[in-house]
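Have a look at the model first, then read on.

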Amino acid sequence: QVQLVESGGGLVQAGGSLRLSCAASGNIFSVTAAAWYRQAPGKQRELVADITRRGSTNYVDSVKGRFTISRDNAKNTVYLQMNSLKPEDTAVYYCTAGRMFWGQGTQVTVSS
């Protein structure tokens with residue numbers, strides 16, 4: 001069973017930055033795509049960004065130009081660099097491997 005552990009969340013002021021990490025227990029990210037989702041209170045979970053095995057990336061329009069997803073297969077880790085954060089980015093962020101395995105989530109709170 002693959003386990004994913006997110007870290008790097010926290011409280012930051014608007015305009016600040018955070019870097020989320022998602023570490024896998026095995027080399028799952030070398031064989032499948034990875035993605036970050038987020039869920040704000042009272043809202044549905046939404047895709048934030050994904051990255052294919054070959055490194056192609058895709059972002060939801062609201063984070064384009066501010067967030068960057070990347071992967072380090074040697075470290076079995078996927079990252080989400082978040083810059084110019086806005087209060088509307090406040091949510092629990094989840095990483096997934098192939099949408100089959102999910103982490104427990106990490107809280108990101110952006111104050112205005």
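**The disulfide and its sheet**

Both C22 and C95 are buried, where buried means under 20% relative accessible area, exposed over 50% and partly exposed in between, with a 1.4 Å probe and protein chains only. Keep in mind that this is a predicted model: local features need pLDDT of at least 70, side-chain atom pairs count only at pLDDT 80 or more, and totals for chains, interfaces and linings use all residues. Residues are numbered from 1 along each chain as its sequence is written, and side-chain values use heavy atoms, with hydrogens and water left out.

**Disulfide**

- Searching the whole structure turns up one disulfide (a pair of cysteine sulfur atoms within 2.5 Å).
- C22 and C95 are the partners, with their sulfur atoms 1.9 Å apart.
- That bond ties together distant parts of the chain, 73 residues apart: C22 sits in strand β3 (residues 18-24) and C95 in strand β9 (residues 91-97).
- Strands here are DSSP runs (E, at least two residues), numbered from the N terminus.
- The torsion about the S-S bond of C22 and C95 is about 50 degrees, so the disulfide is right-handed.

**Sheet**

- Four strands make an open sheet, ordered β1-β3-β8-β7, with antiparallel pairing; two strands pair if DSSP finds at least two bridges between them.
- At the edges are β1 (4-7) and β7 (67-72), each pairing on one side only.
- On average, neighbouring strands of this sheet are turned by 15 degrees against each other, direction ignored; the axes are lines fitted to C-alpha atoms, and angles run from 0 to 180 degrees between N-to-C directions.
- β7 pairs with β8 (residues 77-82) in the antiparallel sense over six bridges.
- S70 has Y79 in β8 as its bridge partner.
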